[in-house]
Each structure stands twice: as structure tokens, then as C-alpha cells.
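Hello,

Here is the structure I promised to pass on to you. Have a look at it first, and my notes follow below.

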Amino acid sequence: MTSPKPKTTQTMKPATAAKKLGVLLSATPAEFQEGVVSRDELNELQSTPPAWLADLRRNGPHPKQVTAVKLGVSISGLARGGITGPLTTAEIDALKAENPAWLERERAIQAETRKEALRLKQR
């Protein structure tokens with residue numbers, strides 16, 4: 001019989017961990033960017049975020065996925081609106097307050113898409 005293999009620690013690249021945490025990798029501290037992150041470390045960061053992570057989540061800059069959610073549009077809608085880079089929370093709030101025509105249009109498209117997905121799911 002073979003002996004059981006020792007359990008190996010699951011690790012991920014910093015870019016993957018940053019994506020799972022919902023933050024922009026380039027905005028994280030150097031020690032985070034240069035190392036590897038274990039599954040246990042990721043769980044710890046999610047359950048009790050350090051000050052730098054809480055600040056990034058609160059103020060940004062935010063990656064496209066987070067920016068799209070905060071604005072209520074799709075990632076492609078951001079691109080169609082000319083938003084190609086990361087935005088801070090203040091910039092997102094300013095866009096919401098300004099409510100340009102492209103943002104209204106993309107929000108309407110997103111609402112229709114969600115309605116259609118819900119309709120298809122209920123079939």
C-alpha cells in the first residue's frame with residue numbers, strides 16, 4: 001500500500017489574490033505584490049482585512065469589475081463609455097452625480113439584460 005501524501009498548501013499568485021479581494025494589484029503594498037498568497041492567508045485577509053486593504057476597498061483605485069458594479073453597468077458598458085482605467089471612489093461618486101448620457105444608457109441596458117436573464121431563468 002502507498003502512504004498518504006502530505007497535504008500541500010494551496011497558493012496563488014498575487015494577481016489572483018488581488019482579484020479575489022476586489023482590489024487593484026498595483027495599488028497593494030510591495031510585499032503583497034512580490035510574494036505568493038496561501039489559501040489560509042487569503043481567508044485571513046478576507047475575514048480580518050488589514051488597514052491597507054480596508055482603505056483600498058473603501059477609497060480605491062478600484063479594478064474594472066468593482067467600478068462596473070458600483071456604477072450599475074457592465075464592464076463592456078464602461079469601455080463604451082470611455083472608462084478604460086481604474087477609478088477611485090470619489091471619481092465614481094462624481095460620475096454618479098454627473099450622470100452622463102452614456103451612464104444612463106448603459107444602466108438601462110444592464111437593467112434590461114437582468115430582466116431578460118430573470119425571465120429565462122423562470123421558464
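**Notes on the model**

Thr48 sits in the loop between α3 (39-47) and α4, where helices (H or I, at least four residues) and strands (E, at least two) are DSSP runs numbered from the N terminus. This is a predicted model, in which local features need pLDDT of at least 70 and side-chain atom pairs count only at pLDDT 80 or more, while totals for chains, interfaces and linings use all residues. Residues are numbered from 1 along each chain as its sequence is written, and side-chain values use heavy atoms, with hydrogens and water left out.

Thr48 has a relative accessible area of 47%, so it is partly exposed; buried means under 20% relative accessible area, exposed over 50%, and partly exposed in between (1.4 Å probe, protein chains only).

**The chain as a whole**

The protein chain contains eight helices and two strands, and their order along the sequence is β-α-α-β-α-α-α-α-α-α. Its radius of gyration is 19 Å, well over the 14 Å that the globule rule gives for 123 residues, so the protein chain is more spread out than a compact globule. For that comparison, the radius is taken over C-alpha atoms, and the rule is 2.2 Å times the number of residues to the power 0.38. The C-alpha trace spans about 65 × 45 × 25 Å along its principal axes.

A few totals may be handy for you:

- Of the 123 residues in the protein chain, 29% are buried.
- Taking contacts (heavy atoms within 4.5 Å) between residues at least 6 apart in sequence, 56% join residues at least 24 apart.

In α5 (residues 64-71), the buried residues are Thr67, Ala68 and Leu71. They cover an arc of only 100° around the axis, which puts them on the same side of α5; the arc is that of the directions from the helix axis to the C-beta atoms. An α-helix has 3.6 residues a turn, so residues three or four places apart point the same way. The buried residues of α5 pack against α6 (75-80), α7 (89-98) and α8 (101-121). Gly72 follows α5 and has a positive phi, near 75°.

Thr89, Ile92 and Leu95 are buried in α7. Viewed down the axis of α7, its buried residues fall within an arc of 125°, so they line one face of the helix. Ala90, Ala97 and Glu98 are exposed on the other side of α7. Among the elements that cover the buried residues of α7 are α4 (51-59), α5 and α8.

**Backbone points to check in your viewer**

Most residues other than glycine have a negative phi, and most peptide bonds are trans. Asn99, in the loop between α7 and α8, has a positive phi near 45° and is a residue other than glycine. With a relative accessible area of 28%, Asn99 is partly exposed. Gly60 and Pro61 are joined by a cis peptide bond, with omega about 5°, and Pro61 belongs to the loop between α4 and α5.

Is Val23 buried or exposed? At 4% relative accessibility, Val23 counts as buried. Val23 lies in the loop between α1 (14-21) and α2 (30-34). Apart from its neighbours within four places in sequence, Val23 is in contact with Ala18, Thr28, Leu53, Leu56, Arg57 and Pro63. Val23 and Lys64 are 41 residues apart along the chain, and their C-alpha atoms are separated by 9.7 Å.

Lys121, in helix α8, counts as exposed at 72% relative accessibility. Lys121 and Pro63 are 58 residues apart in sequence and 29 Å apart in space, C-alpha to C-alpha.

Best wishes
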